[in-house]
Amino acid sequence: MLVTTSVASMMVVLDALVVATALTAIRSDLGASVAELEWTVNAYGLSFAVLLMTAAAAGDRWGRRRVFAAGVTLFAAASLICAIAPGVEVLIAGRVLQGAGAAFVMPLALALLGAAFPAELRAKALGVFASVSGLAVALGPLLGGAVVEGISWPWIFWINVPIGVALAYFALTRIEESHGPDPALDVPGLVLAGAGSFGVVWGLVQGNSAGWTSLAVLGPIVAGLVALGAFVAWQRRAAHPMLPLHLFRSRRFAAGNAVIFFHWASALGAVFFMAQFLQEGLGFGPLAAGLGLAPWGLTTMVVPQLAGRLVGRFGERPFIVLGLGSHALAMLWIALVAEPATGYWVIAVPLVLSGTGIAMCLPAAQSAVLTSVAPQFIGKASGAFSSMRQLGGAFGVAILVAGFSLAGSYASSTAFSAGFRAAAVVSAVLAAVGALAGSLIPRRVVKESGDV
């Protein structure tokens with residue numbers, strides 16, 4: 001169970017990052033425009049974010065193992081389409097399908113883990129899960145650069161095909177099936193949640209290219225917010241709500257979801273620009289940039305296991321506040337020293353501090369959400385958690401790009417560094433807001449018997 005779900009999550013996270021260092025080769029081979037390259041990245045996150053709640057509801061209805069296996073299979077098939085794409089349009093379509101498959105993997109992986117492990121072991125299991133996901137953060141830019149320079153960019157997708165087939169087999173033969181408590185589907189809720197998420201994410205990914213005050217951006221965002229408001233209103237009176245609103249009465253559940261939104265907004269935005277700074281600002285090649293990010297990524301492999309073991313003893317709040325506080329401090333540190341003439345080792349120390357903080361926070365946020373609900377609601381809780389994470393990522397990249405555009409540009413390494421410093425400050429602010437949300441999580445009360 002733990003191996004299958006963790007490797008699946010690693011594959012999903014990896015493909016959110018691995019394309020970044022391959023974009024130059026894709027542009028050369030397929031003749032893609034800048035806008036088409038943007039959509040090569042954004043198409044994945046768009047379908048991923050929109051379908052997460054639907055995936056969680058489908059798992060509760062038809063079986064989490066079955067839907068998880070279907071998601072892995074779709075992801076592998078979409079990877080095959082991307083690998084053999086004759087043009088950028090087919091590649092973008094494949095990325096949309098990849099994101100859809102990913103949406104049916106992540107929340108179901110968390111739900112399967114939450115259902116399989118008792119509460120006293122769940123935080124440890126989530127620590128291992130987060131560590132393996134963290135491996136993807138370390139390998140993403142590095143693998144992308146190595147594959148592009150050593151073989152060719154389609155191989156960043158080919159590698160998913162045999163892994164996906166093996167994962168689907170093990171899921172169907174080695175994992176026990178589990179369902180949610182209510183087999184009914186909340187169709188109006190699915191439509192409203194999907195439409196709302198689509199509108200907001202579409203507006204965010206279009207904001208910096210179309211202009212934040214344009215109708216093409218404000219229209220979808222406003223329509224999405226209206227749909228989400230209607231979703232909340234419907235959930236209050238639906239006979240079979242896809243996201244029971246009473247879950248948000250728990251401070252741990254509500255604060256944990258807020259934490260993961262700002263956590264991933266800050267983290268994904270930071271790694272998006274850090275990879276570019278190493279190339280545009282310091283003149284690294286794709287592989288060297290991937291190696292430069294390795295200290296940041298390696299912490300996300302080791303720290304979550306340690307944090308996961310200690311969360312059950314000390315509670316989630318210290319790890320969230322200290323983790324995001326450390327990441328915020330690291331981003332401010334980098335903002336002060338990031339210049340074209342900066343040596344790599346000047347930013348290596350804050351990179352390690354940033355990665356440690358991000359890795360410390362993740363299993364704690366997962367634990368806060370998944371241990372605050374009754375077992376029958378774990379599927380819905382994991383869907384909400386994964387949705388907040390993806391929405392946060394889209395929001396974070398958009399906001400950091402806006403900060404970058406106000407202060408700098410791609411005209412020169414000096415201009416890029418100026419924009420990067422502004423983006424790092426924005427990342428620090430987002431992390432600080434996440435730490436503030438984490439401070440609202442109640443302390444754990446440990447009884448004399450050792451039970452929480």
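**Helices and their neighbours**

Q: Where is R309 found?
A: R309 sits in helix α14, which covers residues 294–314. Helices here are DSSP runs of H or I with at least four residues (strands are runs of E with at least two), numbered from the N terminus.

Q: What kind of model am I looking at?
A: This is a predicted model, where local features need pLDDT of at least 70, side-chain atom pairs count only at pLDDT 80 or more, and totals for chains, interfaces and linings use all residues. Residues are numbered from 1 along each chain as its sequence is written, and side-chain values use heavy atoms, leaving out hydrogens and water.

Q: OK, back to R309. Buried or exposed?
A: R309 counts as exposed, because its relative accessibility is 52%. The cut-offs are under 20% relative accessible area for buried, over 50% for exposed and partly exposed in between, with a 1.4 Å probe and protein chains only.

Q: How many residues apart along the chain are R309 and A125?
A: They are 184 residues apart along the chain, and their C-alpha atoms are separated by 8.7 Å.

Q: New topic: T5. Where does T5 lie?
A: T5 is part of helix α1, and that helix runs over residues 2–17. T5 counts as buried because its relative accessible area is 0%.

Q: Which residues is T5 in contact with?
A: If you skip its neighbours within four places in sequence, T5 is in contact with F68, A109, L112, L113 and F129. Contact means heavy atoms within 4.5 Å.

Q: What about helix α6, is it mostly covered or mostly open?
A: Mostly covered: nine of the 11 residues in α6 are buried. Among them are M106, P107, L110 and G114.

Q: How do α4 and α6 cross?
A: Helix α6 (residues 106–116) and α4 cross at roughly 150 degrees, and their axes come within 9 Å. The axes are lines fitted to C-alpha atoms, for helices over the stretch in contact, and angles run from 0 to 180 degrees between N-to-C directions. This crossing is left-handed, meaning the near helix is turned anticlockwise from the far one by less than a right angle (clockwise would be right-handed).

Q: Which residues of α4 and α6 make the contact?
A: R64, R65, V67 and F68 come from α4, while L108, A109, A111, L112 and A115 come from α6. By class, the contact has seven nonpolar, no polar and two charged residues. Ala, Val, Leu, Ile, Met, Phe, Trp, Tyr, Cys and Pro count as nonpolar, Asp, Glu, Lys and Arg as charged, and the others, Gly among them, as polar.

Q: Now α4 and α5. At what angle do they pack?
A: Helix α4 (residues 64–83) and helix α5 (residues 88–103) pack at about 165 degrees, with axes 8 Å apart. α4 and α5 are therefore roughly antiparallel to each other. For that word the angle has to be over 145 degrees; under 35 is roughly parallel, 65 to 115 roughly perpendicular and the rest oblique.

Q: Which residues meet there?
A: On the α4 side they include G71, L74 and F75, and on the α5 side they include V90, L91 and G94. The residues of this contact are 10 nonpolar, five polar and one charged.

Q: How do α1 and α9 cross?
A: Their axes come within 10 Å and cross at roughly 150 degrees, with α9 spanning residues 160–174. So α1 and α9 are roughly antiparallel, and α1 passes α9 in a left-handed crossing. T4, V7, A8, M11 and D15 of α1 meet N160, I163, G164, L167, F170 and A171 of α9. That contact has seven nonpolar, three polar and one charged residues.

Q: How far apart are the end C-alpha atoms of α17?
A: They are 43 Å apart, which agrees with the 44 Å that 30 residues (378–407) should span at 1.5 Å a residue. The expected span is 1.5 Å times one less than the number of residues. In α17, 24 of the 30 residues are buried.

Q: Last one: which residues touch S427?
A: S427 is in contact with S266, A270, H327, M331 and L400, leaving aside neighbours within four places in sequence. S427 lies in helix α18 (residues 413–438) and is buried, with a relative accessible area of 0%.
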